[in-house]
Amino acid sequence: MRSQPNLPASQPAMDGSAAELEAAERVVMRWDSASAGAGADEPMLFDGAGDRAEADRFLRAVDDLRRLAPPSPAAVGSPRRLSSSSGSSSAAGSGAVQVAMARLEDEFRHVLSSRALDLEIEALADLSSLSINSDRSNSASSADLPSPAAAGGDEDDSVSASIGRRSSAAYRSLRSIREIDLLPDDAVADLRAIASRMAAAGYGRECAQVYASVRKPAVDASLRRLGVERLSIGDVQRLEWDALEAKIRRWIRAARAAVRGVFASERRLCFHIFHDLPISSAAISASAAAAPATHDTPFAEAVKGAALQLFGFAEAISIGRRSPEKLFKIIDLHDALSDLLPDVSDIFAASKAAESIYVQAVEIRSRLADAVRGILSEFENAVLRDPAKTAVPGGTIHPLTRYVMNYSSLICDYKVTLSELIISRPSASARLAAEGNELVPSLADLELPELENQLPLASHIVWIIVVLEHNLEGKAALYKDLALSHLFMMNNVHYIVHKVKDSPDLWGMIGDDYLKRLTGKFTMAATNYQRTSWLKILNCLRDEGLHVSGGFSSGISKSALRERFKSFNAAFEDAHRVQSGWCVPDNQLREELRISIAEKLLPAYRSFLGRFRHHIENGKHPELYIKYSVEDLEIAVGDFFEGVPPSPHNRRRSHG
């Protein structure tokens, strides 16, 4: 028998491989989008319903192609570069791989677009109720998603089993973050399966481009639904304050929802699809050119524009014109951004492609802090320089006093943040602020009380009140009537004292010693008012100047006594007419002041009347001199400080 020639040992294997390759090519080429003429009615492999056998068969064919006919470097690139759409031998090998990649790109886009879940913006908008300053969660699973090297028919099952689990090494989440499913688990598993094949074949960049092109409009739409407007820095800075204040409130709510809901959910979705997959180092877009592409790059491309738009609003506020009314909303903005920074760090900082967003947020918070410090300094200077043009009618509380003390109370409401931001006492330049090029007169004489263990913020509040007092003294000098000037200071310092006492935080800031100092200033103003206003009237009721030589009973000058009664009547009537129009707005203070006047006036008048009335009543026309009874005066005193002209009284005449 003639022996058979020996066959090469590798020949059967080659024949078997060729058969497998040909079978894989046939499966792939049946789904050649270019030759089939893709359209709206084109059947899709991953349609989320029906028999999945064909999709699984296609994936296995792709795996076989990659295993049996790996593409040459020249063939790697856009799957749309396919030069032939036929299934002939010219399309074998790398050509079939390109057909497969084109189909997978279409399928990837289809799954992302058609199977996305409707994002419940209303639920996200409630994220403001989440706890502030959350600690990092340690609940993340240590199970890693499959490596891209784990290709083959078993990969899909392992991917499906991994959906919803996180790699603790590569993905962390704060308790404040509320991640929402953007696609069903089975859709995410399909996307992962497709992305892993495209990345392994060198088409990761194309897959990532499709991801960003679909998710970016979705992210932009979510922010629009949250009320985030597309405003330039100029647009923001041209807004009236009332409109801007409302937008800040809306921005804080929207930013929490955007960061903790929208961006966090996008990051998780991208993580589940692209984690550990090789993405080409070529930049996905011009905006990513500065950083090498990673599995986070698709996420960065999807959200970066929206994030920059979101934080651009806060940036515009931080560099805008500084004015006192903006302080508290800017603090709100600063606090909201501070609350969000751990979340922003968790979502963006770990990604080379997106870390610039975190850096920007940190810089904006720093500028907001600078704005807060600058506004407080501007406020101090504004209080100092408030012009003394026209005296307020009746010596009442000046609007500046109300504004400054209400402002100071609000500062204490924000003392937690402000104590962190205000780290130095009022500077010499602030304490010696200039009007134009000249120092404000007598400002150099002002002293900032040195209190033990006083916080820098407390020093600023005390300085604000010191400057307010100084300004009020200038305004008091506008009154021609010295008594009214003292009444004005009494009213205003009394208001300051009671605003401090009504606010435990404000009281705690300025301390007991400075409060005693303020109280002493109020008491002095009240005393000076009474001395200036009533000393002349009470002097009319003294005995001096009424006596002539001889005994007391027979030594009274009736003419001098008549003049004394006339002087008293005229002085009291003038005081009644004028001071009834003066205003003491605090009810208790007004009543205490009337009582104090009555306690001095009524006993003195009663005594004077008792000693000398018979000298007048025994003469002609006593009603011209004794015009008031003690009761008449008591009633008249009740008219004082009402801020309105006196009402007539039916006074009982003592001679009647």
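In the predicted model, Arg-215 is in contact (heavy atoms within 4.5 Å) with Leu-112, Ala-116, Leu-182, Glu-266, Leu-269 and Ala-302, leaving aside its neighbours within four places in sequence. Arg-215 belongs to helix α8, which spans residues 204–225. Helices (H or I, at least four residues) and strands (E, at least two) are DSSP runs, numbered from the N terminus. With a relative accessible area of 6%, Arg-215 is buried; the term buried denotes under 20% relative accessible area, exposed over 50%, and partly exposed the range in between, with a 1.4 Å probe and protein chains only.

Residues are numbered from 1 along each chain as its sequence is written. Because the model is predicted, local features need pLDDT of at least 70 and side-chain atom pairs count only at pLDDT 80 or more, whereas totals for chains, interfaces and linings use all residues; side-chain values use heavy atoms, with hydrogens and water left out.

The protein contains 22 helices and 2 strands. Of its 656 residues, 50% are buried. Among the contacts with a separation of 6 or more, 82% are between residues 24 or more positions apart. The protein exposes about 30,500 Å², of which carbon and sulfur atoms supply 51%; accessible areas come from the Shrake-Rupley method with a 1.4 Å probe, and for residues only the protein chains shown count as cover.

Gln-360 is placed in helix α13 (residues 355–385) and counts as buried at 13% relative accessibility. Gln-360 touches Leu-308, Phe-311 and Glu-315, residues up to four places away in sequence not being counted. The C-alpha atoms of Gln-360 and Glu-315 are 8.9 Å apart in space, while the two residues are 45 residues apart in sequence.

Helix α14 (residues 399–413) packs with helix α19 (residues 504–539) at an angle of about 90 degrees, and their axes are 8 Å apart. This makes α14 roughly perpendicular to α19. Axes are lines fitted to C-alpha atoms, for helices over the stretch in contact, and angles run from 0 to 180 degrees between N-to-C directions. Angles under 35 degrees count as roughly parallel, over 145 as roughly antiparallel, 65 to 115 as roughly perpendicular and the rest as oblique. On the α14 side the contact involves Met-405, Ser-408, Ser-409 and Cys-412, which meet Asp-505, Leu-506 and Met-509 of α19. By class, the residues of the contact of α14 with α19 comprise 4 nonpolar, 2 polar and 1 charged. In this classification Ala, Val, Leu, Ile, Met, Phe, Trp, Tyr, Cys and Pro are nonpolar, Asp, Glu, Lys and Arg are charged, and the others, Gly among them, are polar.

Asn-569 lies in helix α20 (residues 558–579) and is buried, with a relative accessible area of 3%. Not counting residues up to four places away in sequence, Asn-569 touches Leu-624, Tyr-625, Lys-627 and Tyr-628. Tyr-628 is also among the residues touched by Leu-633, together with Phe-568, Phe-572, Leu-602 and Tyr-605, under the exclusion of residues up to four places away. Leu-633 is found in helix α22 and is buried at 0% relative accessibility. Leu-633 and Tyr-605 are separated by 28 residues in sequence and by 9.0 Å in space, C-alpha to C-alpha.

Positive phi values occur at two residues described here. Phe-641, in the segment after α22 (630–637), has a positive phi of about 70 degrees although it is not a glycine. Phe-641 is buried, with a relative accessible area of 1%. Asp-276, in the loop between α10 (241–274) and α11 (297–318), has a phi near 70 degrees. Asp-276 is partly exposed, with a relative accessible area of 36%.

The mean pLDDT (the predictor's confidence in each residue, from 0 to 100) of the protein is 80, and 74% of its residues reach 70 or more. Confidence is highest in helix α18 (residues 482–502), at a mean of 97, and lowest in helix α6 (residues 155–162), at 36. Over residues 281–291 the pLDDT is below 50, and this stretch has 17 contacts in the model beyond near neighbours in sequence. The pLDDT also stays under 50 over residues 650–656, for which the model has 17 contacts beyond four places in sequence. Where pLDDT is low, the predicted coordinates should not be read in detail.
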